[in-house]
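Have the sequence and the 3D view open, try each task yourself, and then follow the solution step by step.

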Amino acid sequence: MRTVPLPVRCPPGLVLACLFACALGCAMDDSAEVPNLLGGPTDEACTVDQDCADPALYFCNTALSRCEAACRTDEDCSVKRRGELHAILACESQSLGCRCDASRCVPALCTGDDGCEPGKVCRNGTCGAPPAASKAASCHVVPERLVAPVGTTARFEAWLGDNTGQPIVLREGVTWKALTAQVTGEGTGPAVTFTLATVGAEAAAVEARLGAVICRANVTVLPRHVAVEQLRVLVTDALTGHPVPGASVLVSDGLGRTTASASTDAVGVAVLAAQGDVGVSVLHPDFGYVTLAHYSMEGTRDLRLPLRRNPADREGGVRGTFGNFAPVGAGDALALGFMGLSVPGLLSEAAPVQVLGPERQAVLGLGGMSRAFQVPTNVWLSGLGLPPQPVFTAPGIAGVCDENLVGVSEPEEAMRAGACGTRTAWALTTQVPSGELPAGMMDPGTDPLLLLARALPPSGRFSSALLRDVQFTLRPPNAGEAPRLTPVAYDFRQVPLAFPFVARVPALPRFRDRYLERTVVLGTVTAPGRGTVPLGLGAAVNANPSDPNTDLLPGLTAPGLVRLRMAPAHHGLEGQPYRLLALASSGALGGDVTPGTATSAVMADLDAPRFDPEGTRPVTFPTPFAGIPEGARYNPDVATWHGLLPREWRMDSQVPSATLVRATFTNAAGRRWTVWMDNRRAVLGVRLPVPPAGFEDRTFQGDTEGSRASLSVEALTVTTPEGGSIGGATLAESGGLSPESLAQATRAVSTLHYGRPQVSWIDPPEGASLPRGAPLRVRVDGFQVGSTVADEGGVLLEIRGGGPGCDDVVLRGDVATRSGEVAFALPVACSGVDVVLAASLVDGLGLPLRPAVTAVRTVQVP
């Protein structure tokens with residue numbers, strides 16, 4: 001593992017670890033997070049426990065100099081144990097009482113209606129009377145638009161809100177009906193399934209009603225596709241459901257030659273001639289390209305291919321503030337929050353610019369020491385000498401919106417242009433007095449993830465905050481004015497992460513010469529039409545020893561166990577499914593990962609968060625991690641190269657445990673070309689078609705040098721609920737490639753970021769004056785340097801100019817450090833003016849890559 005330099009740069013998956021870990025120690029007093037629970041002789045001034053009324057029942061919170069209730073078991077929080085004199089009023093006044101969490105009595109929270117008494121419901125973690133249906137003032141159906149063939153079944157859900165925009169969750173009272181003959185179905189409750197019955201143009205076909213509040217969904221029903229030797233392709237916007245007209249659909253043969261092409265019509269449909277096994281590609285300038293390789297015309301010949309918008313073409317999101325902080329006494333405190341907007345589909349499908357804002361530097365000061373962090377703008381920090389940060393921002397991903405969004409007069413046009421979205425705004429927060437911060441947090445060598453792994457579960461300081469329905473606008477960058485950001489106000493202590501428990505992580509996959517080193521476990525809830533919302537987290541490292549298991553954590557019984565804390569679904573997300581995600585990485589987690597970084601994630605459905613701080617019943621993941629998709633190669637050239645035909649992408653071997661493989665090319669503008677194929681067919685490869693005139697070839701970077709685009713490869717385990725494998729053709733025929741359907745069916749996904757072959761100079765700088773025999777260093781990315789069969793080649797250094805000792809000198813480097821550095825030495829006999837050093841990447845035979853990859857320095861050697 002590389003030493004973390006100063007300033008520490010924290011990508012999105014690790015921002016929580018870097019900062020939350022620095023805010024927490026392993027043995028902390030958490031009383032500042034609990035609102036005044038106590039009555040009787042509490043809140044007494046104290047300096048030691050003996051100053052309190054009963055040291056067996058109270059401890060002295062020295063940060064606030066007051067007595068507070070202490071416990072070892074849940075019974076210690078009850079009136080039966082404490083007696084009337086020392087009873088905790090808040091614990092006795094609620095139906096679920098209190099539980100002992102980290103030696104403190106805290107209100108017990110519910111995770112669902114089944115945890116409450118009959119006639120009561122669980123809202124915001126508390127049992128109470130059901131909300132009155134009369135409070136509902138608005139309604140939205142999710143999905144609000146559907147285009148699909150006859151016979152398709154679809155689940156529609158009603159999202160309700162009051163007249164202030166706050167969400168309302170009702171289990172009864174909503175009635176559903178079909179408004180046209182295009183669909184059949186009816187029912188009551190928050191969600192109902194309808195069947196597309198008869199062909200028809202777009203119409204408001206599904207209605208949800210609650211008293212006078214009505215909302216509807218538009219449905220377009222396509223006829224069955226029965227034509228022989230013809231392929232029908234439906235192209236839609238993956239995040240709104242709108243059809244995408246004007247997309248270019250190509251059918252290609254095994255040689256990558258386009259055999260048929262057509263443009264989608266107003267309904268997003270194109271019909272093309274096809275025979276045998278074909279490749280099907282969809283291209284549109286505003287969306288990511290998609291190719292489905294090796295599709296057999298023996299299937300239904302009816303495909304649904306959703307497209308996601310180019311992630312960097314528009315920007316916008318929200319501007320947030322925090323309120324309701326905990327009391328901290330007389331000293332300073334570090335308060336921090338990490339906020340964002342929900343991500344639709346798999347987390348890997350969102351580009352970093354859609355998750356994080358621009359970076360800024362934050363310098364924390366403690367005990368006369370300082371430490372700098374590079375953090376995105378959606379991380380909020382306060383205290384420890386930091387200047388005031390009144391607001392923070394977070395980017396959003398396009399989706400749906402309505403007429404209530406300020407600045408949008410025509411929501412239909414805005415949705416079709418990708419100019420708006422509605423997501424769930426979330427935040428995870430914590431606040432710690434400076435006197436309780438861990439002594440080692442300012443040490444630049446401290447691993448933040450290890451601190452988090454040790455500190456998070458024993459602490460009750462963490463909270464979750466949600467705003468379910470936040471609308472925002474998106475506009476092209478550099479449009480002449482700053483994006484209009486939607487203001488949101490968070491309650492800093494809205495709902496605590498009140499459920500500590502333990503997850504058993506599957507055996508970690510091996511990558512190159514070692515096992516993956518870092519693991520974060522996220523507890524999430526999935527909101528239909530909104531995306532994945534994090535409700536908690538835990539962490540572990542794999543360093544001592546480096547083996548298939550995460551390291552043994554203090555207080556746990558075995559390696560491979562990870563503690564985490566999680567909040568219940570709250571503020572409008574009650575009743576939605578919980579899910580755990582374990583993400584392991586060979587390096588930093590998420591963000592602009594460096595080439596050669598491998599990640600692997602495994603998912604598991606979770607009935608509900610559980611209160612099990614000792615880990616007596618660890619949550620398990622039924623699916624193993626998928627193997628790392630090593631051995632992917634692509635030849636962008638017009639000639640055969642090392643056994644690869646022109647424009648051929650291929651894997652050297654199948655990926656263990658995977659069912660699908662997805663290769664994604666990303667050019668300099670962030671625009672993508674995604675290629676899908678079954679894992680078993682990946683070794684056969686695919687030859688990509690040449691884009692038609694007017695379309696950029698996104699397998700190239702788009703620069704003047706004709707460089708390759710960046711490449712990443714994912715291996716996915718996609719199954720039915722019963723565990724049966726699902727292939728790419730089945731997904732495309734059933735609509736299973738839509739973000740929500742794919743995320744729901746995916747059990748594991750691993751990614752290797754190959755990047756693109758690059759070489760750059762570290763030493764010397766341009767124009768430097770060097771002594772004879774001086775050391776030279778270059779950095780190689782996206783290319784595996786070495787001399788074995790598994791390696792890709794080396795670096796060829798050509799020296800020109802200067803005196804006779806420099807001309808035509810050629811050196812080769814086949815050894816690179818783990819960070820990709822290759823070292824040379826300037827020949828002792830070489831000296832002169834304007835000596836040219838040209839470092840090029842070459843294959844194992846010493847032949848330059850195509851396109852060539854070269855970096856040049858001109859130096860002076862006296």
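## Exercise 1: Salt bridges

The side chains of glutamate 696 and arginine 671 meet in a salt bridge, at 3.6 Å from N to O. A salt bridge here is a side-chain nitrogen of Lys or Arg within 4 Å of a carboxyl oxygen of Asp or Glu. Before you start, note that this is a predicted model, in which local features need pLDDT of at least 70 and side-chain atom pairs count only at pLDDT 80 or more, while totals for chains, interfaces and linings use all residues. Residues are numbered from 1 along each chain as its sequence is written, and side-chain values use heavy atoms, with hydrogens and water left out.

**Task.** Find which loops hold glutamate 696 and arginine 671, and decide whether glutamate 696 is buried, partly exposed or exposed.

**Solution.** 
Step 1. Glutamate 696 sits in the loop between β48 and β49, and arginine 671 in the loop between β46 (660-666) and β47 (672-678). Strands are DSSP runs (E, at least two residues), numbered from the N terminus.
Step 2. The pair links distant parts of the chain, 25 residues apart.
Step 3. Glutamate 696 has 32% relative accessibility, so it counts as partly exposed. The cut-offs are under 20% relative accessible area for buried, over 50% for exposed, and in between for partly exposed (1.4 Å probe, protein chains only).
Step 4. Arginine 671 is partly exposed too, with a relative accessible area of 25%.

**Task.** What is the N to O distance in the salt bridge of arginine 647 and aspartate 697?

**Solution.** 
Step 1. These two side chains meet at 2.7 Å.
Step 2. Arginine 647 is in the loop between β44 (632-635) and β45 (648-651), while aspartate 697 is in the loop between β48 (686-687) and β49 (710-718), 50 residues apart.
Step 3. Arginine 647 is buried, because its relative accessible area is 10%.

**Task.** How many salt bridges does a search of the whole structure find?

**Solution.** 
Step 1. The search finds 39.
Step 2. Another place to look is a network of salt bridges that links Arg145, Glu202, Glu412 and Arg416.

## Exercise 2: A residue and its surroundings

**Task.** Is threonine 291 buried or exposed, and which residues does threonine 291 touch?

**Solution.** 
Step 1. Find threonine 291 in strand β23 (residues 289-296).
Step 2. Threonine 291 is buried, as its relative accessible area is 1%.
Step 3. Leaving out residues up to four places away in sequence, threonine 291 touches Val280, Ser281, Trp673, Thr674, Val675, Trp676 and Leu688. Contact means heavy atoms within 4.5 Å.

**Task.** Which residues have the most contacts inside the largest nonpolar core?

**Solution.** 
Step 1. A nonpolar core is a set of buried Ala, Val, Leu, Ile, Met, Phe, Trp, Tyr and Cys residues joined through side-chain atoms within 4.5 Å.
Step 2. The largest has 85 residues, and those with the most contacts inside it are Leu573, Leu580, Trp649, Phe665, Val675 and Val713.
Step 3. Apart from that core lies another, of 38 residues, among them Val249, Val282, Met603 and Leu716.

## Exercise 3: Strands and sheets

**Task.** How many of the residues of strand β31 are buried, and how many bridges join β31 to strand β32?

**Solution.** 
Step 1. In β31 (residues 420-433), 14 of the 14 residues are buried, so the strand is largely enclosed by the rest of the structure.
Step 2. Strand β26 (residues 333-341) and β31 pair in the antiparallel sense over 9 bridges. Two strands pair if DSSP finds at least two bridges between them.
Step 3. Leucine 341 stands opposite alanine 425 in β31.
Step 4. Strand β32 (residues 463-473) and β31 run antiparallel, joined by 9 bridges, and the partner of leucine 428 is serine 464 in β32.

**Solution.** 
Step 1. Strand β53 (residues 794-800) and strand β56 (residues 832-842) run antiparallel and are joined by 7 bridges. Here glycine 794 stands opposite valine 842 in β56.

Definitions and conventions:
Helix = DSSP H or I, 4+ residues; strand = E, 2+ residues; numbered from the N terminus.
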